[in-house]
Amino acid sequence: MKTFICLLILASLPSYGQVRNACVEVPLTLTDNAGGNTILIVGLDPTATDGIDPHWGEAELPPAPPSGVFDARLIGVLLGQGTLKNIRPGQCADVPYTKMDTIQYQVGSGTTITICWSLPNWVTWRLQDIIFGTIIDVPMLGNGCYTVTNPTAFSRLKLTARYPLIM
C-alpha cells in the first residue's frame with residue numbers, strides 16, 4: 001500500500017524542468033515606447049505558492065540593470081529580485097479571490113512606460129500607484145493600455161487582481 005501511494009504522489013508531480021499552464025494566466029505587455037518590451041504573466045492555480053514556483057516557469061531574475069536600460073518585473077517579499085511570471089495560490093472555480101502584485105519598471109531610451117492587457121471578461125484588475133493609490137488609479141477591464149508619463153516618479157505600481165467565480 002505504501003508503495004502505491006508513493007507512486008501515485010510521484011506520478012502527479014511535474015517532471016524536472018517541465019512547465020505547466022496554470023488554470024488562469026493573464027499576460028501584461030510593458031514597453032518603454034523606444035524598443036524595450038517585456039511580457040509579465042500573472043495568474044492563479046491551487047498548487048501555486050506566493051514564492052517562486054519552477055513548475056509554473058517562474059524563476060528569480062538577476063538584480064535590475066543600471067538606469068538607462070529597460071527592465072520590467074513582478075516583485076514581492078517572496079520573489080527575491082523579481083520574476084516575469086507570478087502564479088498565485090487560489091482555487092479555479094467557485095471561490096472569488098483578490099491577489100496583489102507589484103510591477104517594477106525602468107525606461108531604457110524611452111520616456112514613458114505603456115502597460116497593455118487583455119483580460120478575460122470575468123477578471124477585473126486595478127492598477128494604482130503605491131503612494132496613495134489615487135494619483136494613478138486605472139480600472140482594467142477587457143482590452144486596454146495605460147501609459148505612465150512620468151515613470152521615474154512612479155517606478156512601481158500595485159496591481160490588484162480580482163478573480164470572481166470562474167465559469
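Analyst: Two strands are taken to pair if DSSP finds at least two bridges between them, and it is this rule that is applied below to a model that is predicted.

User: What makes β2 and strand β4 a pair, and do they run parallel or antiparallel?

Analyst: Five bridges join β2 to strand β4, which spans residues 85-89, and since the rule asks for at least two bridges, the two strands count as paired. They run parallel, and within this pairing L44 stands opposite R88 in β4.

User: How do you know that strand β1 pairs with strand β2?

Analyst: The same test is applied, with eight bridges joining strand β1 (residues 24-31) to strand β2 (residues 37-45), against a requirement of at least two, so they are called a pair. These strands run antiparallel, with V24 opposite L44 in β2. The hairpin that they form has five residues between the strands, and there N33 takes a positive phi near 60°.

User: Which strands form the open sheet, and in what order?

Analyst: The order is β3-β5-β10-β7-β8, five strands with antiparallel pairing.

User: Why are β3 and β8 called edge strands?

Analyst: Each of them, β3 (71-75) and β8 (137-140), pairs on one side only. From one strand to the next, the twist of this sheet averages 20°. For the pairing of β8 with strand β7 (residues 124-129), there are four bridges, where at least two are needed, so the pair qualifies; in β8, D137 is the bridge partner of Q128.

User: Why is Q104 called buried?

Analyst: Q104, which lies in strand β5 (residues 97-106), has a relative accessible area of 17%, and because buried means under 20%, the residue falls within that class.

User: Which residues have the most contacts inside the largest nonpolar core?

Analyst: That core has 30 residues, and those with the most contacts inside it are L28, L30, I103, Y105, W125 and Y163. Among the elements that give two or more residues to the core are β1, β2, β6 (113-118) and β10 (156-163). For W125, leaving aside its neighbours within four places in sequence, the contacts include V26, L28, V42, V138, L159 and Y163.

Terms used:
Residues numbered from 1 in each chain as written. Predicted model: local features only at pLDDT ≥ 70, side-chain atom pairs only at ≥ 80, totals over all residues. Heavy atoms only, no water. Axes fitted to C-alpha atoms, helices over the stretch in contact; angles between N-to-C directions. Buried < 20%, exposed > 50% of the residue type's maximum accessible area, 1.4 Å probe, protein only. Core = buried A, V, L, I, M, F, W, Y, C linked by side-chain atoms within 4.5 Å. Contact = heavy atoms within 4.5 Å.
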